[in-house]
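Hi,

Here is the structure I promised to pass on. Have a look at it first, and then read on for what turned up.

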Amino acid sequence: LNSIEKRAIIAIDLDYFYAQCEEVRNHCLKVRPVVVCVYSGRTQDSGAVSTCNYIARKLGVKSGMPIAFAKRILKGNDQAVFLPLDMEYYQSISEKIMEIARTSSEKFEQSSIDEAFLDVSSRFDPKLEGASSVARSVKQEILLAESLTCSVGVAENKLLAKMAVDSKKPDGFTVIIPSEEKSFLYPLPVGKLFGVGPKTEAKLKSIQVETLGDLALTDQKRLEEIFGKNLGRILREWANGIDNSPVEEKPTEQLSRIVTLKRDATSFDFCEVLEPLSADLENKLRTSKISGKTVGIIAITAQLKIKSRARTLSVPTQSGSQILAIAAELFSSFFEESAEDGQELRIRRAGIKVSELIPETTTTPQTLEQFF
Ligand SMILES: [Mg+2]
């Protein structure tokens, strides 16, 4: 017997995330075309569109498009706004939202800055109805807490939940019940299947596979010949809505907090601005039940060069005051070294980083010396 227990999975996708964050920061943008850009810096307009709001989308602007091209589309539109990417700000909003999602379910997996999966299977019966009500309340909570809309998909596995969320945006709410899985999937063009890029799509079309229904009914051997054993099998399973992959949190590789100094520093006179950063890191480490074995500093100079220094501890830590003490020492010696080398160091932004993260240890070191 190989029965797999039924699950209830929620996929959350924050709508046009970077551009919506900009709207949250400045409400006047809500009624204007907003284009968030990654400037490459070579010329004034070189670079690409990262995200844009739906007003800009309706006018023809798309992610990945050259900025100059988007500007041509919006030429003459004096309402259009082009903004540079502000990842630090988007990251801070993302973290708050992910915390809401994480605490709403027993199993949580963040898949990108604006996407997550929740598995609430163990709590409800019937499962999908329970999951739908969790999805509604998470959606509501995110709106209340951060004024951001998101789209959600609810289904029996991650693939179907993801396909559901992708089917209706923005502010979407889509549930796929088991009896409707095939009627949902089969009419979709193969290019809509999660993970199918232009190359795979072209190969499938070359063998007359146009829809997921076609793919679901294609001979397994044929697919394996063309795509190899693994991909061939997965494509056919996915077209049939089969996916047993678990919702599991990926280990965080590092945590960092960074701040822009009021004025460029030429000596270590900004310890107090690091204090909230270390407190924030302690909070994050404790709630995530992890400790860091390496504490480092990040310094962004007035010339926008990124420099870092780090120290590995003999005993991993969660303590904000220890993190702050190490960061302070690393910053002081960094300034000293630069002075000895006869270089003036001017720091514009300063940050603290904790890495080599491991599950928290129960042993509490007794003395500070153990950390050095
Ligand atoms: Mg999104």
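Predicted model: local features only at pLDDT ≥ 70, side-chain atom pairs only at ≥ 80, totals over all residues.

Helix α11 covers residues 229–239, and its buried residues are Gly232, Leu235 and Ala239. Looking down the axis of α11, those buried residues fall within an arc of 65 degrees, so they line one face of the helix.

After the helix comes glycine 241, with a positive phi near 75 degrees.

Next, the metal. Which protein atoms hold the magnesium ion? The donors are Asp13 (OD), Leu14 (O) and Asp114 (OD), at 2.1 to 2.4 Å from the ion. Along the chain these donors follow the spacing D-L-x99-D. Aspartate 13 is buried, with 5% relative accessible area, and leucine 14 is buried as well, at 2%. Asp13 turns up again in a network of salt bridges, where it is linked with Glu115, Lys162, Asp166 and Lys169.

On to the other salt bridges; a search of the whole structure finds 26. Arginine 349 and glutamate 88 form one of them, with 1.9 Å from N to O. That pair links distant parts of the chain: arginine 349 is in strand β12 (residues 347–359) and glutamate 88 in helix α4 (residues 87–102), 261 residues apart. Glutamate 88 is partly exposed, at 36% relative accessible area.

Another salt bridge joins glutamate 106 to arginine 123, whose closest N and O atoms are 3.2 Å apart. Here the two partners are 17 residues apart, with glutamate 106 in the loop between α4 and β5 (107–112) and arginine 123 in the loop between β6 (115–119) and α5 (127–146). Both ends count as partly exposed: glutamate 106 at 38% relative accessibility and arginine 123 at 43%.

Then the aromatics. How many aromatic pairs does the structure hold? There are 9. Phenylalanine 268 and phenylalanine 270 make an edge-to-face pair, 4.9 Å centre to centre with 85 degrees between the planes. Phenylalanine 268 is partly exposed, with a relative accessible area of 22%, whereas phenylalanine 270 is buried at 4%. Phenylalanine 268 also pairs with phenylalanine 331, this time stacked: the centres are 5.7 Å apart and the planes 5 degrees. Phenylalanine 268 sits in the loop between β9 (254–265) and α12 (271–287), and phenylalanine 331 in helix α13 (residues 320–340), so their pair ties together parts that are 63 residues apart in sequence. Phenylalanine 331 is buried, at 0% relative accessibility.

Elsewhere, Phe17, Tyr18, Tyr89 and Tyr90 form one aromatic cluster. Arginine 57 lies over the face of tyrosine 54, at 4.4 Å from the ring centre. The charged end of lysine 71 is over the ring of phenylalanine 82, 5.1 Å from its centre.

Finally, is threonine 301 buried or exposed? At 3% relative accessibility, threonine 301 counts as buried. Threonine 301 belongs to strand β10 (residues 290–301). Leaving out residues up to four places away in sequence, threonine 301 touches Lys307, Leu345, Arg346, Ile347 and Arg348.

Best wishes

Terms used. Residues numbered from 1 in each chain as written. Heavy atoms only, no water. Buried < 20%, exposed > 50% of the residue type's maximum accessible area, 1.4 Å probe, protein only. Helix = DSSP H or I, 4+ residues; strand = E, 2+ residues; numbered from the N terminus. Arc of directions from axis to C-beta. Donors = N, O, S within 2.8 Å, 3.2 Å for Na, K, Ca; no water. Phe/Tyr/Trp six-rings, centres within 6.5 Å; stacked < 30°, edge-to-face > 60°. Lys NZ or Arg CZ within 6 Å of the ring centre and 35° of its normal. Contact = heavy atoms within 4.5 Å. Salt bridge = Lys/Arg side-chain N within 4 Å of Asp/Glu carboxyl O.
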